[in-house]
Amino acid sequence: MEHADLVSEMAQVEHLTTQERLHLARRRRLQQLKIWQQREKEWARTKARREKSNKRSIYFSDSVMLLEAAARNDIEEVRRLLARGVTPDATNEDGLTALHQCCIDNNEAMMRLLLDHGANVNAEDSEKWTPLHAAATCGNLNLVRILIQRGANLLAVNGDGNMPYDICEEERTLDAIESEMAARGVTQRLIDETRAATEMQMLMDVAEMVKTGMDLDEPRDSQGATLLHVASANGYLKVVEFLLEHRASSDVMDHDMWQPVHAAACWGHLEVLELLVQYGADLNVRNKHDETPADICEEGEMRARITRLAAEQEEVRRRAASGAGDRLKTARRSSSTASTSRVRSVRRTSLREKQMAAKADARGEARLRETFDSAVDDECQVKTISYDIYLSITYVKDLASV
């Protein structure tokens, strides 16, 4: 396929399971082989012309030729290239070696040839998958046994935090791996410590960054991923918590508008996702493909949990908005009630003052009336006395005249 076609399919590939990706890789390899076969035919047609010239019209590096020969199970070509000194650990753009390819294809003879020529039994691809990871997930028992005999690391941890036994579903192959782990005295504590080693190293590195005052939200790769993106994608709960406690942004975006919650959901790290939500991450946020964290989650039960959390988050926002509106209405109502109360209070005060003034006037008039009546009575009494005296004097005069 053309490069542009592959790029356009990346969004779909991200949603595939590991097994589906392996099948897709095989189909791509077959397509590539067909193209190369066509080119070989074209090369044969122009062989005579090339022999007249020292220049080669088509040239492949020895590493590419080795990988191609291993993929099409051309053991003689691989043997010839190895004899010429071509490294058995040549990789493609994804870090995949010929030994990885053998484990996928269940090619025991090719595996033995590569290992006999010094191939690294613990080689890692770009996602830290070793050949033992590939053989275990494909359930290739014989290859698993050979790798273990040649020193494969039983506790190798890939980019998803999985050891070979974690991703092995074939019962006999899983028994073989676990039996060897028991024989070597591997304990659960050792497994936990080994699995956490990478996380602990990242935690120490981040702590050192904080001490030096580095920006925790600064992109760390060409895709714009930050430390929180990386920790969330790998399920490093302690690192995520440390970053959030030191004010790393929970809603930071990479170039594809992925936030850390997208990364945690995509790789199935529920505890990390819940922690991000506690620090304000939005579960309804969408990336450039208009996908929410629930949309990109492959595991059904976890997707349901994310959906419930998103609904609860939305309900909390709705109630908060409604509560703010109610508080505003209550404040306005209280202000209106207080104003009405003040008016009524003024009115009640005015009426009371009027009533008191009227009563005071009535009492004043009563006192004046009482005073006036008293004065009149006194005057009448004086006049009465004076009249009695006058009568007495007149009576005396009359007697005297007699």
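Student: Which residues of helix 13 meet which residues of helix 14?

Tutor: On the helix 13 side they are Leu227, Leu228, Ala231 and Ser232, and on the helix 14 side Val239, Val240, Leu243 and Leu244. Contact means heavy atoms within 4.5 Å. Helices here are DSSP runs (H or I, at least four residues), numbered from the N terminus. The model is predicted: local features need pLDDT of at least 70, side-chain atom pairs count only at pLDDT 80 or more, and totals for chains, interfaces and linings use all residues. Residues are numbered from 1 along each chain as its sequence is written, and side-chain values use heavy atoms, with hydrogens and water left out.

Student: What makes helix 13 and helix 14 roughly antiparallel?

Tutor: Helix 13 (residues 227-234) and helix 14 (residues 237-245) pack at an angle of about 150 degrees, and their axes are 8 Å apart. Angles over 145 degrees count as roughly antiparallel (under 35 is roughly parallel, 65 to 115 roughly perpendicular, the rest oblique). The two helices are therefore roughly antiparallel to each other.

Student: Why is histidine 269 called buried?

Tutor: Buried means under 20% relative accessible area, exposed over 50%, and partly exposed in between (1.4 Å probe, protein chains only). Histidine 269 has 17% relative accessibility, so it counts as buried. Its place is the loop between helix 15 (260-266) and helix 16 (270-278).

Student: Which residues is histidine 269 in contact with, leaving aside its neighbours within four places in sequence?

Tutor: They are Ser232, Ala233, Asn234, Gly235, Ala264 and Met302. A polar atom of the histidine 269 side chain lies 3.3 Å from the backbone nitrogen of glycine 235.

Student: How do you know that tyrosine 165 is buried?

Tutor: Its relative accessibility is 17%, so tyrosine 165 counts as buried. Tyrosine 165 sits in the loop between helix 10 and helix 11 (171-183). Not counting residues up to four places away in sequence, tyrosine 165 touches Leu174, Ile177, Glu178, Met181, Ile191 and Arg195.

Student: What joins the side chains of tyrosine 165 and arginine 195?

Tutor: A polar contact of 3.3 Å does. A polar contact is a pair of N or O atoms within 3.5 Å; within protein, one must be able to donate a hydrogen and the other to accept it, and residues adjacent in sequence count only if both atoms are side-chain atoms.

Student: Why is helix 7 described as largely enclosed by the rest of the structure?

Tutor: Seven of its eight residues are buried, so helix 7 is largely enclosed. The buried residues are Ala98, Leu99, His100, Gln101, Cys102, Cys103 and Ile104. Their cover includes helix 3 (18-45), helix 5 (62-71), helix 8, helix 9 and helix 10 (141-149).

Student: Which residue with a positive phi follows helix 7?

Tutor: Asparagine 106 follows helix 7, and its phi is near 60 degrees. Asparagine 106 lies in the loop between helix 7 (98-105) and helix 8 (108-116).

Student: Why is lysine 128 called partly exposed?

Tutor: Its relative accessibility is 34%, so lysine 128 counts as partly exposed. Lysine 128 is in the loop between helix 8 and helix 9 (131-137). Its phi is near 65 degrees, a positive value in a residue other than glycine.

Technical notes. Axes are lines fitted to C-alpha atoms, for helices over the stretch in contact, and angles run from 0 to 180 degrees between N-to-C directions.
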